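Biologist: Hi, I'm new to this one. Please walk me through it.

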Amino acid sequence: MSGSVTARDAAAGGPTRDGAAGTAPVPHAAWLPPEAFRALGARRVLVHGDGPLVDTVFDEVVRACAGHGGWAGRTGVGAGSGSSADGPSAGGPSAGGSSAGCPVDLVLAVRGADPLPSAVPAGATATPVGDAGPLGDEGFLCSRVDGVTVVLADAPAGLLYGLFHLVRAGEAAFTGDRPTRAHRPTLRRRMLDHWDNVAVHPGSGQVERGYAGGSIFWRDGGPRGDRDRLRAYGRLLASTGVNAISVNNVNVGVTEARLLTDRLDDVAEIADLLRPYGVRVHLSVTFAAPVVLGGLPTADPLDDEVRQWWHDTTRRVFARIPDFGGYVVKADSEGQPGPFTYGRDHADGANLLAAALAPHGGVVHWRAFVYDHRQDWRDRRTDRARAAYDHFAPLDGRFADNVVLQVKFGPVDFQPREPVSPVIAAMPATRLAVELQVTQEYTGQQWHACYLAPWWREVLGFRPWGPPERTVADVLADVPGPQPRRGGDLVAVANVGDDPFWCGHPLAQANLYAFGRLAWDPCLDPVAILDEWIDLTFPASTVGDPDLVRATLHAVLDDSWRTYERYTAPLGVGFMVNPAGHYGPSVDGYEYSRWGTYHFADRDGVGVDRTRATGTGFTGQYPPPWSQVYESPERCPDELLLFFHHVPYSHVLHNGSTVIQHIYDTHFAGVEEVVAMRERWARLAGMIDRAVHDRVAERLDEQLRCATEWRDQVNTYFFRKSGVPDARGRRIH
């Protein structure tokens, strides 16, 4: 982002704590305002079970009941210490269940050695029809029988997720009868990577690709120290199902490297604050740590001293943080050290760390983002899109069980439109994580409203082997198929900062929420997820016209990703952004760069030839039928045409338009859609919280300015290249 935009971001208004200037702002409640707990908090609730996560559940229930007039009781640890708005045990149930005259509306219980409370109706313990599988550590059963809503779990984490399921359901959780249904996460690890720097980096600042202020973890070389903010963040994550984070940048600097050793207590403090919400902490580490921190002359993964250093260091990490998740590694990429220095491959490097983590149950997320970042723009055979497959596909089957190869969803770099990475289909014997980007690096940097869940849902629903074979989500979920499969995780680069609204743009909160929900269940409908977020963030009782608020938010967000695509780079070509921050247009900004991000526009046509017949051969990395579909300009989907083919401006798309007319039409249409967004949003003045309304209005003004600049620069560029006028006669400069 440019400096001027960053300055506007820093100056934007929002709520602040009471007190003198310079105190930390009070964060917006996001999708967990007190009013979202009204349905639950107005009931008589019994919590059953022991342990820190059950304590969290009970604390949430007590807070909700205190705010909305219900009461709460608990069995197990603290049995009989019910709580309500009137004080401990006021009107509460007895330790064994409900007392005479005090029936229970809701029971949240961990099944186990202790008998369930008598308040649980017999029918609530029935096995769901057609689903006798284990719940696991995070699953839960939910039912409503004889006027009692019941959530049962086999482990405390399941009870925590069951609680937030009820919050999302609202009053619907307490009406009618509902048969028992099992709820389980589809993916075992649902993780956010924070690209936060402990020390301010001269190039990337406190947060690399951060568009929401400073870090919530670090400030000027040390811990930020805002414990309340971290607890609030853990609560937001738990409510969506996120269960893991890494707390520092994958580009590990000297200060950040020390988090592994003498700065470990700083990581432990974060882990202590997030543990009550079921969130495990991971750490990005430098592959050169034995040299940088240990004083060894080498980081060779086959060196015995190096192996011992990692074993000893990792043992100390787990002694300090017993539930530590593991390491995240960016190696041999964009200047980060890696095994190539020693003539080793990525399996050697990843397995080194995996061996150190295995005795403690930890994992290493080894990023597949490895490519030549010093490419000669004159060389048309070297293709950045090929790199991850070329490096990693030959290593399939060589990675240890606790290595998770973390693959960006597309083959290049989080562009608004890319094909799904072929690596996902190429490594059946390797655990994979698909990496998304919640922070809007290439999608408007949280100045543009751009709801990304529809894009992510397309990626997760993509079938790498064609219909009717498995989807990407099936691959990650270890759904059986014709090949061996190891299962995997969903990971995303986080988008929060110390901005009062967490994400800079209040509507960007929807992306953070949607990531967690899709990681829990990749089959969820993005429109339904947005409805959940609206219901929680803008409860009907807190806004002037609930129907207008809902309709406006859908009008602004539903198609906003495609709107952004329309007014930026066309037909999948990508990277027409300003290299200085990746914000705003610069059509040739990367055209003669070392980064391998080209569009090859000339007087005759535009696009990158990645075919086997005449181009880089990238299409051959896909299995059939996609290798044939992408090879053919006639069969290739229009939205990816320029990613795979260099075509004339006169090439006719499937919709009957030529490429050049499509460029003109979409860029004009995209700006018109942003105008409509802004007009719709203006109608909410006085209907919702003023700080939220004003911040979004400010951002929409900037989105319109920037979209107009995109339209005019892109259309003018291609008019001057092609000499073909707009068939509709609109003004092009």
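**Helix contacts**

Modeller: Let's start with a helix pair: L264, D265 and A268 in helix 7 meet R316, V317 and R320 in helix 9. Contact means heavy atoms within 4.5 Å, and helices (H or I, at least four residues) and strands (E, at least two) are DSSP runs numbered from the N terminus. This is a predicted model, where local features need pLDDT of at least 70 and side-chain atom pairs 80 or more, while totals for chains, interfaces and linings use all residues. Residues are numbered from 1 along each chain as its sequence is written, and side-chain values use heavy atoms, with hydrogens and water left out.

Biologist: At what angle do helix 7 and helix 9 pack?

Modeller: About 40°, with the axes of helix 7 (residues 264–274) and helix 9 (residues 304–320) 10 Å apart. The axes are lines fitted to C-alpha atoms over the stretch in contact, with angles from 0 to 180 degrees between N-to-C directions. The two helices are therefore oblique to each other; under 35 degrees would be roughly parallel, over 145 roughly antiparallel and 65 to 115 roughly perpendicular, with the rest oblique. Helix 7 passes helix 9 in a right-handed crossing (near helix turned clockwise from the far one by less than a right angle; anticlockwise is left-handed).

Biologist: How do helix 3 and helix 4 pack?

Modeller: Helix 3 (residues 52–68) and helix 4 (residues 156–169) are at about 25°, their axes 8 Å apart. That pair is therefore roughly parallel, and the crossing is left-handed. From helix 3 come L53, V54, T56, V57, E60 and V61, and from helix 4 P156, A157, L159, L160, L163 and F164. By class, that contact has ten nonpolar residues, one polar and one charged.

Biologist: And what about helix 18 and helix 21?

Modeller: Helix 18 (residues 560–567) packs on helix 21 (residues 659–682) at about 135°, with 7 Å between their axes. That makes helix 18 oblique to helix 21. The contact uses S560, T563, R566 and Y567 of helix 18, and residues of helix 21 including T666, H667 and G670.

Biologist: Changing topic: which residues touch the most other members of the largest nonpolar core?

Modeller: L108, L192, W310, Y327 and W533, in a core of 213 residues. Helix 22 (residues 690–722) gives the most to this core, with ten residues. A nonpolar core is a set of buried Ala, Val, Leu, Ile, Met, Phe, Trp, Tyr and Cys residues joined through side-chain atoms within 4.5 Å. Buried is under 20% relative accessible area, exposed over 50%, and partly exposed in between (1.4 Å probe, protein chains only). There is also a second, separate core of 15 residues, with L46, V107, L135 and L152 among them.

Biologist: What does W310 touch?

Modeller: Leaving out residues up to four places away in sequence, W310 touches L260, V285, T286, F287, A289, P290, Y327, L352, L353 and A356.

Biologist: How far apart are T125 and W310 in space?

Modeller: They are 47 Å apart, C-alpha to C-alpha, and 185 residues apart in sequence. T125 is in the loop between strand 4 (106–110) and strand 5 (140–145), and T125 is partly exposed at 39% relative accessible area.

Biologist: Is N249 buried or exposed?

Modeller: N249 is buried, at 1% relative accessibility. It sits in the loop between strand 13 (244–246) and helix 6 (254–257). Not counting residues up to four places away in sequence, N249 touches H194, W195, D196, N197, E208 and S284.

Biologist: Now the backbone: which residues does a cis peptide bond join?

Modeller: P467 and P468, with omega about 0°. P468 lies in the loop between helix 13 (453–461) and helix 14 (472–477). The bond from P624 to P625 is cis too, with omega near 5°.

Biologist: What is the phi of F414?

Modeller: It is positive, about 55°, although F414 is not a glycine. F414 is buried, with a relative accessible area of 4%. Q446, also not a glycine, has a positive phi near 60°, and Q446 is buried at 0% relative accessibility.

Conventions
Nonpolar A, V, L, I, M, F, W, Y, C, P; charged D, E, K, R; others polar.
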